[in-house]
Amino acid sequence: MTEPAPAKKAAPAKRAASAKSAAPAKKAAPAEQAASAGTKPTPAKKASPAKKATAKKSTAKKATTGRALAAAPATEKASMPKKAAAAKKAPATGKAPAAKASVRKATLKKAEIAPKKASAAVKKAAPAKTIAPKPPREESRTALVRRARRINRELAEVYPYAHPELDFDSPFQLLVATVLSAQTTDLRVNQTTPALFAKYPTPEDLAAAVPEEVEEILRPCGFFRAKTRSVIGLSKALTEEFGGEVPGRLEDLVKLPGVGRKTAFVVLGNAFGHPGITVDTHFQRLVRRWQWTDETDPDKIEAAVGALFPKSDWTDLSHHVIWHGRRICHARKPACGACPIAPLCPAYGEGETDPEKARKLLKYEKGGFPGQRLKPPQAYLDAGGKPAPPLGATG
(Lines give C-alpha, C1' and ligand atoms only; values in the text may rest on other atoms or scores of the structure.)
Protein backbone atom coordinates (compact mmCIF):
# COMPACT_ATOMS: atom_id res chain seq x y z
CA MET A 1 0.00 0.00 0.00
CA THR A 2 1.17 3.53 -0.75
CA GLU A 3 1.54 6.16 1.89
CA PRO A 4 -0.66 9.22 1.79
CA ALA A 5 1.01 12.32 0.19
CA PRO A 6 2.32 14.93 2.67
CA ALA A 7 0.72 17.75 0.63
CA LYS A 8 -1.91 18.49 3.25
CA LYS A 9 0.67 18.96 6.00
CA ALA A 10 2.72 21.43 3.93
CA ALA A 11 -0.32 23.56 3.06
CA PRO A 12 -0.12 25.75 6.21
CA ALA A 13 3.53 26.55 5.59
CA LYS A 14 2.85 27.47 2.01
CA ARG A 15 0.00 29.72 3.09
CA ALA A 16 2.26 31.57 5.51
CA ALA A 17 4.98 31.99 2.91
CA SER A 18 2.51 33.21 0.34
CA ALA A 19 0.99 35.63 2.85
CA LYS A 20 4.41 37.17 3.58
CA SER A 21 5.34 37.67 -0.05
CA ALA A 22 2.05 38.10 -1.86
CA ALA A 23 3.21 40.70 -4.39
CA PRO A 24 6.33 38.81 -5.60
CA ALA A 25 4.39 35.59 -5.85
CA LYS A 26 1.82 37.19 -8.11
CA LYS A 27 4.50 38.68 -10.38
CA ALA A 28 6.31 35.38 -10.66
CA ALA A 29 3.13 33.47 -11.37
CA PRO A 30 3.19 33.92 -15.14
CA ALA A 31 6.79 32.66 -15.33
CA GLU A 32 6.04 29.64 -13.17
CA GLN A 33 2.99 28.84 -15.23
CA ALA A 34 5.04 29.05 -18.37
CA ALA A 35 7.75 26.81 -16.86
CA SER A 36 5.23 24.25 -15.63
CA ALA A 37 3.63 24.19 -19.02
CA GLY A 38 7.00 23.52 -20.62
CA THR A 39 6.92 26.68 -22.78
CA LYS A 40 9.06 29.83 -22.80
CA PRO A 41 7.52 33.30 -22.50
CA THR A 42 7.29 35.15 -25.74
CA PRO A 43 9.84 37.94 -26.43
CA ALA A 44 7.08 40.53 -26.92
CA LYS A 45 6.12 40.29 -23.24
CA LYS A 46 9.67 40.73 -21.99
CA ALA A 47 10.53 44.16 -20.64
CA SER A 48 13.80 45.91 -21.43
CA PRO A 49 16.53 46.06 -18.76
CA ALA A 50 15.79 49.72 -18.20
CA LYS A 51 12.11 49.02 -17.67
CA LYS A 52 12.95 46.13 -15.29
CA ALA A 53 15.19 48.37 -13.25
CA THR A 54 12.54 51.03 -13.14
CA ALA A 55 9.93 48.48 -12.11
CA LYS A 56 12.18 47.17 -9.32
CA LYS A 57 12.83 50.68 -8.07
CA SER A 58 9.17 51.58 -8.13
CA THR A 59 8.30 48.33 -6.32
CA ALA A 60 10.91 49.06 -3.68
CA LYS A 61 9.67 52.61 -3.30
CA LYS A 62 6.09 51.40 -3.00
CA ALA A 63 7.04 48.88 -0.33
CA THR A 64 9.12 51.40 1.61
CA THR A 65 6.47 54.07 1.35
CA GLY A 66 3.79 51.64 2.38
CA ARG A 67 5.73 50.48 5.44
CA ALA A 68 6.55 54.06 6.39
CA LEU A 69 2.98 55.14 6.11
CA ALA A 70 1.80 52.21 8.10
CA ALA A 71 4.34 52.81 10.91
CA ALA A 72 4.32 56.62 11.00
CA PRO A 73 1.76 58.66 12.91
CA ALA A 74 -0.83 60.80 11.19
CA THR A 75 1.26 63.96 11.54
CA GLU A 76 4.25 62.30 9.96
CA LYS A 77 2.07 61.05 7.08
CA ALA A 78 0.98 64.59 6.39
CA SER A 79 4.59 65.81 6.40
CA MET A 80 5.85 63.20 3.96
CA PRO A 81 8.07 64.67 1.19
CA LYS A 82 6.23 65.84 -1.88
CA LYS A 83 8.64 63.93 -4.09
CA ALA A 84 7.45 60.68 -2.60
CA ALA A 85 3.83 61.64 -3.18
CA ALA A 86 4.61 62.65 -6.73
CA ALA A 87 6.48 59.42 -7.30
CA LYS A 88 3.52 57.54 -5.93
CA LYS A 89 1.04 59.32 -8.18
CA ALA A 90 3.12 59.22 -11.36
CA PRO A 91 3.04 55.45 -11.98
CA ALA A 92 -0.64 55.29 -11.09
CA THR A 93 -1.84 57.96 -13.44
CA GLY A 94 0.71 57.45 -16.21
CA LYS A 95 0.86 61.21 -16.94
CA ALA A 96 3.90 62.85 -18.55
CA PRO A 97 5.99 65.35 -16.54
CA ALA A 98 4.83 68.95 -16.40
CA ALA A 99 7.61 70.17 -18.70
CA LYS A 100 6.68 67.70 -21.42
CA ALA A 101 3.00 68.56 -21.05
CA SER A 102 3.72 72.29 -21.45
CA VAL A 103 5.79 71.58 -24.56
CA ARG A 104 2.96 69.54 -26.01
CA LYS A 105 0.44 72.29 -25.21
CA ALA A 106 2.65 74.92 -26.85
CA THR A 107 3.00 72.73 -29.93
CA LEU A 108 -0.76 72.25 -30.10
CA LYS A 109 -1.36 76.00 -29.72
CA LYS A 110 1.06 76.77 -32.53
CA ALA A 111 -0.61 74.21 -34.73
CA GLU A 112 -4.01 75.74 -34.00
CA ILE A 113 -2.93 79.36 -34.51
CA ALA A 114 -0.93 78.85 -37.72
CA PRO A 115 -3.88 78.04 -39.99
CA LYS A 116 -5.79 81.12 -38.75
CA LYS A 117 -2.88 83.43 -39.57
CA ALA A 118 -2.44 81.84 -42.96
CA SER A 119 -6.10 82.25 -43.85
CA ALA A 120 -6.08 85.91 -42.76
CA ALA A 121 -3.05 86.60 -44.92
CA VAL A 122 -4.74 85.02 -47.90
CA LYS A 123 -7.82 87.20 -47.45
CA LYS A 124 -5.73 90.37 -47.33
CA ALA A 125 -3.65 89.38 -50.32
CA ALA A 126 -6.63 88.84 -52.59
CA PRO A 127 -9.53 91.12 -51.59
CA ALA A 128 -12.71 91.26 -53.59
CA LYS A 129 -12.20 94.94 -54.36
CA THR A 130 -8.97 96.85 -54.36
CA ILE A 131 -9.05 99.61 -51.77
CA ALA A 132 -6.62 102.46 -52.11
CA PRO A 133 -4.21 102.84 -49.21
CA LYS A 134 -4.94 105.70 -46.88
CA PRO A 135 -2.20 107.92 -45.56
CA PRO A 136 -1.93 107.73 -41.77
CA ARG A 137 -3.30 110.60 -39.73
CA GLU A 138 0.00 110.90 -37.89
CA GLU A 139 2.06 111.37 -41.06
CA SER A 140 5.00 113.68 -40.68
CA ARG A 141 5.24 117.16 -42.10
CA THR A 142 7.71 115.97 -44.72
CA ALA A 143 5.40 113.12 -45.78
CA LEU A 144 2.47 115.55 -46.05
CA VAL A 145 4.45 117.94 -48.26
CA ARG A 146 5.55 115.11 -50.54
CA ARG A 147 2.04 113.69 -50.84
CA ALA A 148 0.49 117.10 -51.51
CA ARG A 149 3.00 117.95 -54.23
CA ARG A 150 2.60 114.54 -55.81
CA ILE A 151 -1.17 115.07 -55.98
CA ASN A 152 -0.58 118.39 -57.73
CA ARG A 153 1.76 116.74 -60.26
CA GLU A 154 -0.79 113.99 -60.94
CA LEU A 155 -3.55 116.54 -61.48
CA ALA A 156 -1.30 118.57 -63.80
CA GLU A 157 -1.03 115.50 -66.03
CA VAL A 158 -4.80 114.96 -65.97
CA TYR A 159 -5.62 118.65 -66.62
CA PRO A 160 -2.69 120.03 -68.65
CA TYR A 161 -5.01 122.68 -70.16
CA ALA A 162 -6.47 123.86 -66.81
CA HIS A 163 -7.37 127.54 -66.96
CA PRO A 164 -9.75 130.01 -65.33
CA GLU A 165 -13.24 129.01 -66.35
CA LEU A 166 -14.56 132.56 -66.56
CA ASP A 167 -14.65 134.26 -69.93
CA PHE A 168 -12.76 137.57 -69.94
CA ASP A 169 -10.78 139.79 -72.29
CA SER A 170 -9.39 142.26 -69.74
CA PRO A 171 -8.63 142.50 -66.00
CA PHE A 172 -11.82 144.53 -65.55
CA GLN A 173 -13.99 141.83 -67.13
CA LEU A 174 -12.28 139.15 -65.01
CA LEU A 175 -12.82 141.20 -61.84
CA VAL A 176 -16.53 141.72 -62.53
CA ALA A 177 -17.07 138.09 -63.57
CA THR A 178 -15.35 136.82 -60.42
CA VAL A 179 -17.57 138.96 -58.20
CA LEU A 180 -20.63 137.63 -60.01
CA SER A 181 -19.52 133.99 -59.60
CA ALA A 182 -20.30 133.98 -55.87
CA GLN A 183 -23.06 131.49 -55.02
CA THR A 184 -23.42 130.36 -58.64
CA THR A 185 -21.52 128.50 -61.35
CA ASP A 186 -18.95 129.90 -63.74
CA LEU A 187 -21.09 128.59 -66.56
CA ARG A 188 -24.03 130.76 -65.47
CA VAL A 189 -21.76 133.78 -65.21
CA ASN A 190 -20.31 133.16 -68.67
CA GLN A 191 -23.81 132.99 -70.06
CA THR A 192 -24.71 136.32 -68.41
CA THR A 193 -21.68 138.58 -68.83
CA PRO A 194 -21.73 138.90 -72.65
CA ALA A 195 -24.85 141.10 -72.46
CA LEU A 196 -23.44 143.05 -69.51
CA PHE A 197 -20.09 143.84 -71.15
CA ALA A 198 -21.73 144.61 -74.47
CA LYS A 199 -23.75 147.38 -72.80
CA TYR A 200 -21.11 148.51 -70.25
CA PRO A 201 -17.63 147.78 -71.68
CA THR A 202 -15.60 150.03 -69.31
CA PRO A 203 -15.62 150.86 -65.58
CA GLU A 204 -16.82 154.36 -66.39
CA ASP A 205 -19.84 152.98 -68.28
CA LEU A 206 -20.81 150.58 -65.52
CA ALA A 207 -20.29 153.22 -62.83
CA ALA A 208 -22.91 155.44 -64.53
CA ALA A 209 -25.40 152.62 -65.18
CA VAL A 210 -28.98 152.57 -63.90
CA PRO A 211 -29.14 149.91 -61.15
CA GLU A 212 -32.51 148.54 -62.29
CA GLU A 213 -31.16 147.90 -65.77
CA VAL A 214 -28.11 146.10 -64.42
CA GLU A 215 -30.30 144.03 -62.08
CA GLU A 216 -32.35 142.81 -65.00
CA ILE A 217 -29.22 141.61 -66.81
CA LEU A 218 -27.78 139.93 -63.71
CA ARG A 219 -31.01 138.27 -62.60
CA PRO A 220 -29.97 134.76 -63.86
CA CYS A 221 -26.89 134.84 -61.58
CA GLY A 222 -28.89 134.97 -58.37
CA PHE A 223 -28.54 137.56 -55.58
CA PHE A 224 -28.73 140.04 -58.45
CA ARG A 225 -29.50 143.11 -56.29
CA ALA A 226 -26.47 142.65 -54.04
CA LYS A 227 -24.26 141.83 -57.02
CA THR A 228 -25.52 144.90 -58.87
CA ARG A 229 -24.49 147.10 -55.94
CA SER A 230 -21.05 145.43 -55.87
CA VAL A 231 -20.21 145.77 -59.58
CA ILE A 232 -21.46 149.36 -59.78
CA GLY A 233 -19.62 150.24 -56.56
CA LEU A 234 -16.29 148.73 -57.64
CA SER A 235 -16.63 150.42 -61.02
CA LYS A 236 -17.01 153.79 -59.28
CA ALA A 237 -14.01 153.06 -57.04
CA LEU A 238 -11.87 152.12 -60.05
CA THR A 239 -12.93 155.29 -61.85
CA GLU A 240 -12.39 157.64 -58.90
CA GLU A 241 -9.35 156.11 -57.18
CA PHE A 242 -7.40 154.20 -59.85
CA GLY A 243 -8.14 156.08 -63.07
CA GLY A 244 -10.38 153.39 -64.47
CA GLU A 245 -7.65 150.72 -64.21
CA VAL A 246 -7.69 147.56 -62.11
CA PRO A 247 -4.83 147.71 -59.56
CA GLY A 248 -2.26 144.95 -59.49
CA ARG A 249 -1.75 144.83 -55.72
CA LEU A 250 -3.61 142.72 -53.19
CA GLU A 251 -4.00 145.51 -50.64
CA ASP A 252 -5.67 147.72 -53.26
CA LEU A 253 -7.99 145.08 -54.66
CA VAL A 254 -9.44 144.04 -51.30
CA LYS A 255 -10.59 147.64 -50.70
CA LEU A 256 -12.99 147.47 -53.64
CA PRO A 257 -16.70 146.70 -52.90
CA GLY A 258 -17.47 142.97 -53.10
CA VAL A 259 -13.79 142.00 -53.50
CA GLY A 260 -12.15 139.62 -51.01
CA ARG A 261 -8.89 137.71 -51.00
CA LYS A 262 -10.29 134.95 -53.19
CA THR A 263 -11.42 137.36 -55.90
CA ALA A 264 -8.21 139.33 -55.61
CA PHE A 265 -6.03 136.25 -56.11
CA VAL A 266 -8.07 135.19 -59.14
CA VAL A 267 -7.39 138.56 -60.74
CA LEU A 268 -3.74 138.74 -59.67
CA GLY A 269 -2.94 135.22 -60.80
CA ASN A 270 -4.78 135.17 -64.12
CA ALA A 271 -4.74 138.80 -65.26
CA PHE A 272 -1.38 139.96 -63.90
CA GLY A 273 0.59 136.73 -63.48
CA HIS A 274 1.08 137.20 -59.72
CA PRO A 275 0.89 133.87 -57.83
CA GLY A 276 -2.12 133.39 -55.61
CA ILE A 277 -4.30 130.65 -54.12
CA THR A 278 -8.01 130.76 -54.89
CA VAL A 279 -9.89 129.28 -51.94
CA ASP A 280 -13.37 128.67 -53.30
CA THR A 281 -15.85 126.02 -52.16
CA HIS A 282 -14.25 123.28 -54.29
CA PHE A 283 -10.77 124.10 -53.01
CA GLN A 284 -11.91 124.06 -49.38
CA ARG A 285 -13.67 120.71 -49.78
CA LEU A 286 -10.80 118.92 -51.49
CA VAL A 287 -7.91 120.08 -49.31
CA ARG A 288 -9.81 118.88 -46.24
CA ARG A 289 -10.60 115.54 -47.89
CA TRP A 290 -6.92 115.16 -48.70
CA GLN A 291 -6.03 116.12 -45.12
CA TRP A 292 -3.79 118.95 -46.20
CA THR A 293 -5.36 121.01 -43.44
CA ASP A 294 -8.19 120.89 -40.91
CA GLU A 295 -8.87 124.62 -41.06
CA THR A 296 -12.28 125.89 -42.13
CA ASP A 297 -11.56 129.61 -42.41
CA PRO A 298 -10.59 130.52 -46.03
CA ASP A 299 -7.70 132.75 -44.95
CA LYS A 300 -6.24 130.02 -42.70
CA ILE A 301 -6.71 127.43 -45.45
CA GLU A 302 -4.84 129.70 -47.84
CA ALA A 303 -1.94 130.04 -45.40
CA ALA A 304 -1.80 126.33 -44.54
CA VAL A 305 -1.88 125.12 -48.15
CA GLY A 306 0.44 127.85 -49.37
CA ALA A 307 3.08 126.61 -46.93
CA LEU A 308 3.08 123.19 -48.65
CA PHE A 309 4.01 124.50 -52.10
CA PRO A 310 6.45 126.98 -53.63
CA LYS A 311 4.83 130.29 -54.41
CA SER A 312 5.30 129.80 -58.15
CA ASP A 313 2.87 126.84 -58.06
CA TRP A 314 0.00 128.60 -56.33
CA THR A 315 -2.02 129.76 -59.36
CA ASP A 316 -1.82 126.49 -61.29
CA LEU A 317 -2.45 124.53 -58.10
CA SER A 318 -5.70 126.43 -57.66
CA HIS A 319 -6.79 125.55 -61.21
CA HIS A 320 -5.93 121.86 -60.76
CA VAL A 321 -7.79 121.51 -57.47
CA ILE A 322 -10.87 123.45 -58.64
CA TRP A 323 -11.05 121.54 -61.93
CA HIS A 324 -10.80 118.23 -60.10
CA GLY A 325 -13.53 119.28 -57.68
CA ARG A 326 -15.89 120.21 -60.49
CA ARG A 327 -15.29 117.16 -62.66
CA ILE A 328 -14.58 114.20 -60.38
CA CYS A 329 -14.44 114.94 -56.64
CA HIS A 330 -17.97 116.28 -56.26
CA ALA A 331 -19.45 117.47 -53.01
CA ARG A 332 -22.33 115.00 -52.68
CA LYS A 333 -21.16 111.94 -54.60
CA PRO A 334 -17.51 111.93 -55.62
CA ALA A 335 -16.50 109.54 -58.41
CA CYS A 336 -13.85 107.68 -56.42
CA GLY A 337 -13.72 104.78 -58.87
CA ALA A 338 -12.65 107.12 -61.69
CA CYS A 339 -10.28 109.28 -59.65
CA PRO A 340 -6.64 109.36 -60.86
CA ILE A 341 -5.29 110.18 -57.39
CA ALA A 342 -7.27 107.56 -55.43
CA PRO A 343 -4.12 105.88 -53.99
CA LEU A 344 -3.11 109.22 -52.45
CA CYS A 345 -6.53 110.19 -51.08
CA PRO A 346 -7.42 109.51 -47.41
CA ALA A 347 -11.11 109.99 -48.26
CA TYR A 348 -11.23 107.22 -50.87
CA GLY A 349 -14.51 105.32 -50.53
CA GLU A 350 -16.72 108.27 -49.59
CA GLY A 351 -18.14 108.17 -53.12
CA GLU A 352 -18.84 105.55 -55.79
CA THR A 353 -15.89 103.12 -56.06
CA ASP A 354 -17.22 100.96 -58.91
CA PRO A 355 -15.36 102.16 -62.03
CA GLU A 356 -18.32 101.81 -64.39
CA LYS A 357 -20.74 103.61 -62.07
CA ALA A 358 -18.16 106.26 -61.24
CA ARG A 359 -17.63 107.15 -64.92
CA LYS A 360 -21.30 108.06 -65.18
CA LEU A 361 -20.79 110.69 -62.48
CA LEU A 362 -18.09 112.61 -64.36
CA LYS A 363 -18.93 116.14 -65.45
CA TYR A 364 -17.79 118.51 -68.17
CA GLU A 365 -15.24 117.30 -70.69
CA LYS A 366 -14.38 114.20 -68.60
CA GLY A 367 -17.92 112.97 -69.01
CA GLY A 368 -18.40 114.20 -72.56
CA PHE A 369 -20.29 117.31 -71.47
CA PRO A 370 -19.45 120.88 -72.54
CA GLY A 371 -17.19 122.98 -70.34
CA GLN A 372 -18.07 126.21 -68.54
CA ARG A 373 -16.56 128.71 -70.95
CA LEU A 374 -18.28 130.09 -74.04
CA LYS A 375 -14.87 131.08 -75.45
CA PRO A 376 -12.38 128.57 -74.04
CA PRO A 377 -8.65 128.62 -74.90
CA GLN A 378 -7.54 126.78 -78.00
CA ALA A 379 -5.53 124.28 -75.92
CA TYR A 380 -8.73 123.22 -74.19
CA LEU A 381 -10.49 122.71 -77.53
CA ASP A 382 -7.50 120.80 -78.92
CA ALA A 383 -7.69 118.43 -75.94
CA GLY A 384 -11.31 117.56 -76.74
CA GLY A 385 -13.08 120.15 -74.61
CA LYS A 386 -16.42 121.56 -75.74
CA PRO A 387 -17.52 125.20 -75.32
CA ALA A 388 -20.55 125.91 -73.16
CA PRO A 389 -23.86 126.88 -74.81
CA PRO A 390 -24.95 130.53 -74.64
CA LEU A 391 -27.68 131.68 -72.30
CA GLY A 392 -31.09 130.28 -73.27
CA ALA A 393 -29.68 127.47 -75.46
CA THR A 394 -31.16 124.03 -74.95
CA GLY A 395 -28.51 121.82 -76.54
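On a 1 Å grid over the protein atoms alone, a pocket is an open set of points with protein on both sides within 12 Å along at least five of seven lines, whereas a cavity is a set of points where a 1.4 Å probe fits but cannot get out, and lining residues have an atom within 4 Å of a point. Grid points are joined across faces, edges and corners, and a volume is the space filled by probe spheres set on the points. The model is predicted, and local features need pLDDT of at least 70 while side-chain atom pairs count only at pLDDT 80 or more, although totals for chains, interfaces and linings use all residues. Residues are numbered from 1 along each chain as its sequence is written, and side-chain values use heavy atoms, with hydrogens and water left out.

Helices here are DSSP runs (H or I, at least four residues), numbered from the N terminus. At least two lining residues of this pocket come from each of α14 (261-271), α15 (281-289), α16 (298-306) and α17, and α17 gives the largest share, with seven residues. If Ala, Val, Leu, Ile, Met, Phe, Trp, Tyr, Cys and Pro count as nonpolar, Asp, Glu, Lys and Arg as charged, and the others, Gly among them, as polar, then the lining of the largest pocket has 12 nonpolar, 18 polar and 11 charged residues.

The structure also holds one cavity of 30 Å³ or more, and the volume of the largest cavity is about 110 Å³. Among the 15 residues that line the largest cavity, Cys329, Pro334, Cys336, Cys339 and Cys345 lie nearest its centre; by class, the lining has 12 nonpolar, one polar and two charged residues.

Helix α17 (residues 314-327) also packs against helix α7 (residues 141-158), at an angle of about 70° and with the axes 9 Å apart, where axes are lines fitted to C-alpha atoms, for helices over the stretch in contact, and angles run from 0 to 180 degrees between N-to-C directions. The two helices α7 and α17 are therefore roughly perpendicular, a term that covers 65 to 115 degrees. Asn152, Leu155 and Ala156 of α7 meet Leu317, His320, Val321 and His324 of α17, contact meaning heavy atoms within 4.5 Å. This contact of α7 with α17 has four nonpolar, three polar and no charged residues.

Elsewhere, the axes of α9 and helix α11 (residues 211-218) come within 9 Å and cross at roughly 155°, which makes α9 roughly antiparallel to α11 (over 145 degrees). Thr192, Ala195, Leu196 and Lys199 of α9 make this contact with Glu213, Val214, Ile217 and Leu218 of α11.

Methods
Angles under 35 degrees count as roughly parallel, over 145 as roughly antiparallel, 65 to 115 as roughly perpendicular and the rest as oblique.
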